[in-house]
Amino acid sequence: MRPRSVLPPAARPRPVAAAAALLAAGLLAACGDGNGPEPNTLPERTTSLGVTLYPATAPGNGSTAAGQDLLTAGLGRSGLGAATVPQPYADPLNPTAAELRRAAVHANYRGLVDPTPGGGYGTLYGPNVDVAGNAGSGEGLVPGREYVGVLDDGSGRKQVTVAVMIPETFDRNAPCLVLGPSSGSRGVYGAISSAGEWGLKRGCAVALTDAGKGVGLYDPADDTVTRIDGTRATRSAAGTLSNFAAALGDAARAAFVAAFPNRLALKQVHSQQNPEKDWGNDTLAAARYAFWALNDRYGDVVQPKPFSARNTLVIAGSVSNGGAAVIRAAEADTEGLIDGVVAGEPVTEMPTASGYGIVAGGSAVVGYGRTLADYTTFGNVYQPCAALAASATMAELSIFNYLTVTAQGAKAAARCAGLAAKGLVSGADTAAQAADALARLRAYGWFAVHDTMHNAHYGLGNGPILSAMYPIMYGRFALDERVCGTSFSAVDAAGAPVAIAAAAKAQAFANANGTANGAPVAVVYDNAVGGPRLWSLAASPSTGVQDFGLDNALCQRALVTGVDETGAALTATASSTRPTAAQSAAVRAGIAEVTVNGNLRGKPTLIVAGRNDALVPVNHNARAYTAYNRVVEGAASRVAYLEVTNAQHFDAFNALSGFDTRYVPLHVYFVRAMDAMWAHLRNGAALPASQVVRAVPRGGVPGAAPAITAAQVPAAAATPAAGNAIGFSGSSVVVPD
C-alpha cells in the first residue's frame, strides 16, 4: 500500500493528563505484569499499513486526503446523492489510492441505500440526518483518522482488510466502537452507509472489514492483482500488499490462459479458502485491531492501552452477509468483545431444519431453514420459468425488459420446456408449466409476496450469479477447474468473453462489488452451444436452445444436493448437467463449515428483516434463526425479531420503477434498531419486543412514486398489538400475517 499522510508517532496527540485522570478514576484497563504498563502491541498476524488524517474542512472533489472525510470521502450529502462522482480520476488508467477511496465510498454507499430524495435520502436517513432523526441542511462531513490494516492466517494469502475510522468527536470518557463487516461480497467500505454512518454520527470508532471478500480482481493474462489500497500491480510487484492472486504456478497459468483466454478470478470465489467460514472470526479480529488503533491514537506513556472491551461499548451491526458475520461473531465471542448485535436481513446458514419450527398466519410453514446454496440453486433452476406465471408479472422490471438483449420471454418459455422435458415441472403448455414452477418455489420456502420478486431477481441476474459463485467458493475449487463449465469474464454484446477494458480493470476497486454482476466481470457458461456465452445468452447442450443455461443451472444444483436432476447419485463421471461426486462432496463439506450454531451467548440481539425479501427469504433465515436460537439458548435468549412488511432486500432497488411504488426502505429500521441497542446498552432502555412492523408503500405511478413520509415507516411499538406480536409456541416461532 502506498503511504497516505501517515502521521509519525511524535505528531500523535498524547493526552497524558487525561490518561492519568482516567487511570485514577479506574476507567482504564489494568497494567501488565507489575513491571510497567502493558505495551500496545498489534494483534497476532495483523499488519497496520498506516493512518491517514481526513480533516474534512469543506466538501470538495475529495481527490486527496485533504479533501476527504471519513463518511463521505469529501463528497458530502450532495455528492453521495449524485449519480456519478465528478471528475473521479486525473488519469483513468492510473487512479490514485485517494481517488479510488473516494469513488469506492460513493459506490458502496449508493449500493446499499436508495439515494433518491423521494425514497427517504436526506429526510429519513443520510449524512445530514442527525442521531435524533432530524434532517439538517449540512453535508454531513465527519473529520477524523483512518487506520488501515490487514489480517492474515499465517498463510500470507488470507488478506482481510480492516479500516478503523476514529472521528474527532470520539469521546474518551464514554468510548464506543461499532463493528461493520461488509454486506454481500463488497470491499472494506461495504458497510459505510449502514454501520459506518450510524457509528460515526454517534462519535464511535468504526471498524469496517471486507471479511476476506472484497474486490480482489485477478487477471491471469498479465498476472496483475488489486492491491489493498485499490491500485493495480503485478503479483510480484504487489508482494504482501496483494489482495488476492489465484494459486496457479506460471506453467498452469499459461496453459489456462491459452485454453480459456480473457477469464478473470474473483477473491471470494477463487481464493480456495471458503472465506465465509471465517466471517465471524474476522469481525472479532477487526475489533482487536480497532482497539490497537484507538490505543495508538490516545495512549500515552502512563497508560499505553487506555481502551479495551472492559470499558468500551461495542455494537456489532451490519446487513445481509454482514448481518451473518455479526451473528457468527457473537456466537464465536469467547472473549466478551461484543456487547450487543444488530443484524439486518442476515444470511443465517442454518445447520438443520429439525427441532424447531415456524408458524405463520396460523399455519405451520414447510420448507424452511435451508442454506443459501440450497435455496439459491433451487431458485436458479425454476425462477425464469416461474416468472411467466400470471401472479409473478412485474412489467416495470422483469426478465423481459431489464437485460439489454431481446427475446427474453422466448428464453423463459424454453426454460419451462426444458424443465418439462426432464420431468421437473408439469403442464401441457407454458402457462401451466410456469404455474407449476411457481408452486414449487412456494413449497421451497418462498411465499406469495415474493412472486413478483422472482421475476425481478432473475432479471437482475441474482440467481445465476450466486449459483455460479458460492458452490465454487464452498468447494475451494481453483480458477482452472471451471466446475460445471463456469468461468468469469468481461463479455461483448454477443455475450462472448473479451479482454477486460483497461480502465474497468484499473477502477475495479471502486466500481465493482466483488460479485460477477457484469461490472466488470460476468458469469460465462463455457459449454454453451456455439461457444462460451454470458449466462443470459447461453444455449444448453441438452436442449440446443437459449434457455438461460439450464444445463449449467442443473449442474450447480447437483453440486449442492449430491444427485442429478433424475435423483440419481453422482458418480466419478461429469457431464453438462452433472458434476462429479467428489466435487459435490467438497461443496457440501464447505457448506457445513459456514452454518450457525444458534448460541449468541446471551447477548442482546435485534434481527431486522423485510417480509418481501426474496433473495434471503425470512423462512430460511431471520425467522428460522429466531426459532433455532430460542431452542438453543432457551430462557437465556435475548433475541428480538422485527419483521417489516413491504420491505425487501435491496433498498438501492427502491429507486427503480415498480420498486418505488411497492417497497419502503428497510435501512430506516436498521438505523432504529441500532438506536434501540444503543439506548439499551448505554441507558438501560428496554429493547422492542419481537413484532411485525406494518410499513406502508408509497404507491402512485411506477417510476414517479410520491415522496415517502415518516408515517409510512412507523416505529416498532413498545408493546405490540396482539395482531402484530411475534411469539413462541413450544419450539416454533409464531408470526402473524
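1. Strand β19 (residues 639–644) of this predicted model is largely enclosed by the rest of the structure, because 6 of its 6 residues are buried, where buried means under 20% relative accessible area, exposed over 50% and partly exposed in between, with a 1.4 Å probe and protein chains only. Both faces are covered: V639, Y641 and E643 lie buried on one side of β19, and A640, L642 and V644 on the other. In a regular strand the side chains alternate between the two faces of the sheet. Helices (H or I, at least four residues) and strands (E, at least two) are DSSP runs, numbered from the N terminus.

2. Strand β18 (residues 605–610) is joined to β19 by 6 bridges, and the two run parallel; strands are taken to pair if DSSP finds at least two bridges between them. Within this pairing, L606 has A640 of β19 as its bridge partner. Strand β11 (residues 340–344) also pairs with β18 in the parallel sense, over 4 bridges, and V342 stands opposite L606 there. As 6 of the 6 residues of β18 are buried, this strand too is largely enclosed by the rest of the structure. T605, I607 and A609 point one way from β18, while L606, V608 and G610 point the other way, and all are buried.

3. On the basis of the model: residues are numbered from 1 along each chain as its sequence is written. This is a predicted model, in which local features need pLDDT of at least 70 and side-chain atom pairs count only at pLDDT 80 or more, while totals for chains, interfaces and linings use all residues, and side-chain values use heavy atoms, with hydrogens and water left out.

4. The mean pLDDT of the chain is 92, and 92% of its residues reach 70 or more; pLDDT is the predictor's confidence in each residue, from 0 to 100. Over residues 1–32, however, the pLDDT is below 50, and this stretch has 68 contacts in the model beyond near neighbours in sequence, a contact being heavy atoms within 4.5 Å. Where pLDDT is low, the predicted coordinates should not be read in detail.

5. Helix α4 (residues 192–201) has 9 of its 10 residues buried, so it is largely enclosed by the rest of the structure. The buried residues are I192, S193, S194, A195, G196, E197, W198, G199 and L200. Their cover includes the helices α3 (97–112) and α21 (667–683), together with the strands β3 (160–167), β4 (176–181), β5 (205–209) and β10 (313–319). Just after α4, G203 takes a positive phi of about 80°.

6. The cavity count comes to 11, at 30 Å³ or more. On a 1 Å grid over the protein atoms alone, a cavity is a set of points where a 1.4 Å probe fits but cannot get out, and lining residues have an atom within 4 Å of a point. Grid points are joined across faces, edges and corners, and a volume is the space filled by probe spheres set on the points.

7. The largest cavity holds about 110 Å³ of space. Its lining consists of Y375, T376, G379, N380, Q383, W446, H457, N462, G463, L466, A614 and L615. Helices α10 (372–386) and α14 (462–475) each supply at least two of the lining residues, and α10 gives the most, with 5 residues. By class, the lining has 5 nonpolar, 7 polar and no charged residues; Ala, Val, Leu, Ile, Met, Phe, Trp, Tyr, Cys and Pro count as nonpolar, Asp, Glu, Lys and Arg as charged, and the others, Gly among them, as polar.

8. In one, 4 strands take the order β13-β12-β22-β21 with mixed pairing; its edge strands, β13 (363–364) and β21 (727–729), each pair on one side only. Strands β12 (residues 357–360) and β22 (residues 732–735) pair in the parallel sense over 4 bridges, with A360 opposite V735 in β22. The other sheet, also of 4 strands, has the order β15-β14-β16-β17 and antiparallel pairing.

9. R77 belongs to helix α2 (residues 76–81) and, at 24% relative accessibility, counts as partly exposed. Leaving aside neighbours within four places in sequence, R77 is in contact with Y121, G122, P127, N128, S137, G138 and E139. The C-alpha atoms of R77 and G140, 63 residues apart along the chain, are separated by 6.2 Å.

Technical notes:
1 Å grid on protein atoms, 1.4 Å probe; cavity = no way out; pocket = protein on both sides within 12 Å on 5 of 7 lines; lining within 4 Å.
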